[in-house]
Amino acid sequence: MYTLASTTAGHPDYVDGKHAVSSEVLVHVWVDNIRYAGPRNLVLKATSYPDALAAEARITSKAADTRNAACRYEFLGVDWKHSDGTVGVSAKMQSRLQRAEESVRAGKMSAAEIKSLAGRLLHASAIAGVYVGEYYFALKFFRLTNALNRGEKCLDENVVLSHGLQRALPSWMQRVQRRRIVPVAAQSPKLAVFVDASLDGWGGVLVDVDTNDMVVVGSCWNRVEKRLQLEAMAFERSVKAISPAYAGSTVTVIVDNTSVQGVARKGACLRSHILNDAVVRALLCLQQLKVALSVRWDWSAGNPADLPSRVPLASLTEQNFSDMSLAVRSFVLTGVMGPAV
């Protein structure tokens with residue numbers, strides 16, 4: 001069924017170029033659901049593919065009730081809002097969490113309600129980027145569901161909640177209902193931004209993928225922080241150097257620190273406030289420019305931003321980066337970095 005659905009959707013992995021949707025359109029296929037994402041005119045064109053391809057392949061399908069381009073929609077408990085690049089829990093899940101919160105504050109819930117609440121909170125935490133480890137004791141309480149699975153408790157059996165749970169669970173429920181920024185992955189980047197930090201300073205190398213034009217930025221630190229925090233601040237300062245000329249385009253940022261990469265992809269970090277704040281400020285800057293972002297990792301040895309992070313910009317010349325722009329373009333397009341200069 002999935003193969004048939006992907007074929008009728010015009011997914012490039014299942015049909016040839018003649019029948020596939022444009023390379024600028026992302027295709028997400030479930031057995032009973034096909035979703036397109038990309039430029040509005042191309043998405044509207046792609047919505048005609050399922051009927052045409054199904055008829056050509058002699059596949060019987062039921063026409064969808066509605067086929068329209070939307071910047072905001074709900075699916076699988078997630079409220080996607082592309083106009084500002086944020087996600088949150090759906091209205092349906094919010095209403096159910098609010099009803100469960102009333103039961104929690106009353107101090108008594110049935111085993112069936114606790115089982116449903118556990119599943120919804122874990123799902124909503126992934127959507128909102130909430131670190132569930134902060135609610136360790138509440139998670140231990142959810143082990144009650146194991147007793148249900150073993151038949152030791154009945155679904156309609158009432159459970160009295162402790163005062164600690166009556167405080168922790170509402171706090172958890174309120175946090176998962178907040179929206180968060182989620183960078184949208186880009187397919188064809190127009191700009192590559194290499195980022196690096198050292199104990200001396202930070203550096204960024206911005207390369208236009210089409211023209212190979214290069215901009216090098218960097219400076220020394222006023223004070224030495226922890227290395228992880230330096231990497232996050234280098235990410236923020238390099239991203240803020242992106243010219244408004246790239247507004248509405250796509251950007252690939254290359255880092256050599258997996259923690260920064262993870263926070264930039266998730267849009268939030270609860271383990272380090274400095275790491276979280278620096279990266280989120282950078283994401284807000286990109287959001288204002290309406291820039292689509294993808295974040296990739298590369299070895300430190302091949303990072304061209306290492307040089308401006310250690311050497312004052314005034315002492316650098318074009319010769320230091322003479323061959324780097326071509327190597328950067330090759331990396332962005334193929335994912336394999338050329339020889340470091």
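Of the contacts in the chain (heavy atoms within 4.5 Å) between residues at least 6 apart in sequence, 67% join residues at least 24 apart. The structure is a predicted model, in which local features need pLDDT of at least 70 and side-chain atom pairs count only at pLDDT 80 or more, while totals for chains, interfaces and linings use all residues. Residues are numbered from 1 along each chain as its sequence is written, and side-chain values use heavy atoms, with hydrogens and water left out.

The chain holds 13 helices and 13 strands, taken as DSSP runs (helices H or I, at least four residues; strands E, at least two) and numbered from the N terminus. Of its 341 residues, 45% are buried; buried means under 20% relative accessible area and exposed over 50%, with partly exposed in between (1.4 Å probe, protein chains only).

A nonpolar core is a set of buried Ala, Val, Leu, Ile, Met, Phe, Trp, Tyr and Cys residues joined through side-chain atoms within 4.5 Å. The largest has 32 residues, and those with the most contacts inside it are Val193, Phe235, Ile242, Val253 and Val279. Among the elements that each supply at least two residues of this core are strand S9 (191–197), helix H9 (227–239) and helix H11 (273–288). Beyond residues up to four places away in sequence, Val279 touches Ala232, Phe235, Val260, Val263 and Ala264.

A second, separate core of 27 residues includes Ile127, Val130, Leu165 and Trp172. Trp172 lies in helix H8 (residues 163–176) and counts as buried because its relative accessibility is 0%. Between Trp172 and Glu101, 71 residues apart in sequence, the C-alpha to C-alpha separation is 9.9 Å.

In helix H3 (residues 49–56), the buried residues include Tyr49, Pro50, Leu53 and Ala54. The buried residues of H3 fall within an arc of 115 degrees seen down the helix axis, so they line one face; the arc is that of the directions from the axis to the C-beta atoms. Ala55 and Glu56, on the other side of H3, are exposed. Cover for the buried residues of H3 includes helix H1 (2–9), strand S2 (33–37) and helix H2 (40–46).

Strands S3 (residues 72–75) and S4 (residues 78–81) run antiparallel and are joined by four bridges; strands pair if DSSP finds at least two bridges between them. Arg72 has Lys81 in S4 as its bridge partner. Two residues separate S3 and S4 in this hairpin, and Leu76 in the turn has a positive phi of about 55 degrees.
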